[in-house]
Amino acid sequence: MASKKIYPLVALIGIAAASGVAWWYQNSPKSDTVVAGASAPNGAKMVGVEVVPVKKTTLRDDAQAVGSLRSRQSVMLRPEVAGRIVSLGFSDGARVSAGQLLVQLDDTFQRAEVQQSLAQMSVARANYKRNQDLVAQNFVAQRVLDESAAAMQVADAQLGLSCARLERMRIVSPFNGVVGLRNVNVGDYVKDGADLINLEDIGMLYVDYRLPERYQVQVKPGQVVDIKLDAIANRLFKATVEAVDPLIDANGRSIGVRAVLVNGPGEALAPVGERRQASADAAAPKASYTSVPVGRTTPLPTPQSLGCPPGMFEHRKNAAPSGGNGPLRPGMFARVTAVFSVKPNALVVPEEAIVPQGGKQFVIKAVAPADLPAASASAPTLPADTKWVSQRTEVQLGVRRAGQVEVISGLAEGDVVVSAGQQRLQKDGSPLRVVDMGKSPANPASAAASASSAAATPANR
């Protein structure tokens, strides 16, 4: 029994002895010799860090997005009434003008109704004129003349209705543009609402894209954006912002933006070598392509030629610009770069040099011990070969681009900041040992020299 009680006592004595040895090892005095990574007699250790210079470069504040090209005006032409197609006034892919007849339906009955309405209108006018003379001679009452005037108005309205029915058998182009591929032929019987032909106004195209909601105060109508198209490589197009959607998408927290892109000739947007070849091609004779009507060779009489009012259907025409002859087409995938500002002399540091703390942003500068403020100069004694010490500085940040961040205030060109090893620098005045990892200069002095040379030739980011 006595031997079993001794075991816990021996274990306690062993634990106490081990704790004492550990305490002695941690608190024993160190050698006064200072080496790389060693400490001074008062405990100040040199910390190995990597440093980078503060560079001045051209920085562009922009945002990237993807979008699609859309026609400025696009419509699928459909008949309002059922009927049989007797002629087509276009060819597939042809350019048409506003008011041009595209599809003619059989209007035999409608033309007969117009002739009937014209005859009734003629009778009503004759009766009204005759009753005017009779009233002037006091042969009939005024009521008869009023009834004749009403009958003439009814006949006029009936004529307008007949003309409208006749005009609905003619499908005309509402604006200038390019027609697509037709889905019908002459002789087909089409129902009301059937798809006949699509018409696209591609003289100017819309570029619709979305940006995060944080850009809503920066995006304004009139700004110029850069457009790159996967279908047309090595070309940069310019578009102008036309409108910004006032509604923010609650699901993606983004705003819709619409820009206008002129669909000009492709030669003007091509590289120099392609421009020369395009000019040579333009000088060569080319076969002309015209729109050839399909079906009847003798056009049917128009409603105006039958006696309908000449300006009755002018509202169906739109004097919009004609379709462009550029290489752009609706539906193309577009890569949009919205440029908000360009700063030619922006100070930048790597993002890893930023130390966030308490809602603020800091960097740790590598400075000479003599450059420390008086409050920091009273730090413990530094190792004998200390050339650089740390100094925490608050900064204000701006644009972030490609691993670089703009520093608006707190630093100057030529300053040297710590880019790795900040977690071991707990207070200002800590001695630094610059480590060359093949990415940074060997010491802060050469880093400042590199910054000066880099500032002479700023890079465009």
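A residue counts as buried when its relative accessible area is under 20%. Keep that cut-off in mind as we walk through this structure, which is a predicted model.

Let's start with the whole chain. It holds six helices and 20 strands, and 37% of its 461 residues count as buried. The chain exposes about 26100 Å² of surface, with carbon and sulfur atoms supplying 55% of that area. If you look at contacts between residues at least 6 apart in sequence, 78% of them join residues at least 24 apart.

Now find helix α3, which runs over residues 142–167. This helix has 26 residues, and the distance from its first C-alpha to its last is 38 Å, close to the 38 Å expected at 1.5 Å a residue. Several of its residues are buried, among them Leu 145, Ala 149, Leu 159, Ser 162 and Cys 163. What lies over these buried residues? The cover includes helix α2 (108–136) and strand β6 (170–172).

Let's zoom in on one residue of α3, Ser 162. Is Ser 162 buried or exposed? Its relative accessibility is 1%, and because that value is under the 20% cut-off, Ser 162 counts as buried. Who are its neighbours? Leaving aside residues up to four places away in sequence, Ser 162 touches Gln 110, Glu 113, Val 114 and Ser 117. With Ser 117 there is also a polar contact, made side chain to side chain at 2.6 Å.

Next, let's turn to the aromatic rings. How many aromatic pairs does a search of the whole structure find? The search turns up one. Its partners are Tyr 215 and Phe 340, and the pair is stacked, with 5.2 Å from centre to centre and 25 degrees between the planes. These partners come from distant parts of the chain, 125 residues apart: Tyr 215 sits in the loop between β9 (197–212) and β10 (224–229), while Phe 340 belongs to strand β14 (residues 333–350). Tyr 215 and Phe 340 are both buried.

One more ring deserves a visit. Which residue lies over the face of Tyr 206? You will find Arg 258 there, at 4.5 Å from the ring centre.

Note on methods. Residues numbered from 1 in each chain as written. Predicted model: local features only at pLDDT ≥ 70, side-chain atom pairs only at ≥ 80, totals over all residues. Heavy atoms only, no water. Helix = DSSP H or I, 4+ residues; strand = E, 2+ residues; numbered from the N terminus. Buried < 20%, exposed > 50% of the residue type's maximum accessible area, 1.4 Å probe, protein only. Polar contact = N/O pair within 3.5 Å; in protein donor to acceptor, adjacent residues only side chain to side chain. Contact = heavy atoms within 4.5 Å. Areas by Shrake-Rupley, 256 points an atom, 1.4 Å probe, with all protein chains shown as cover. Phe/Tyr/Trp six-rings, centres within 6.5 Å; stacked < 30°, edge-to-face > 60°. Lys NZ or Arg CZ within 6 Å of the ring centre and 35° of its normal. Expected span 1.5 Å × (residues − 1).
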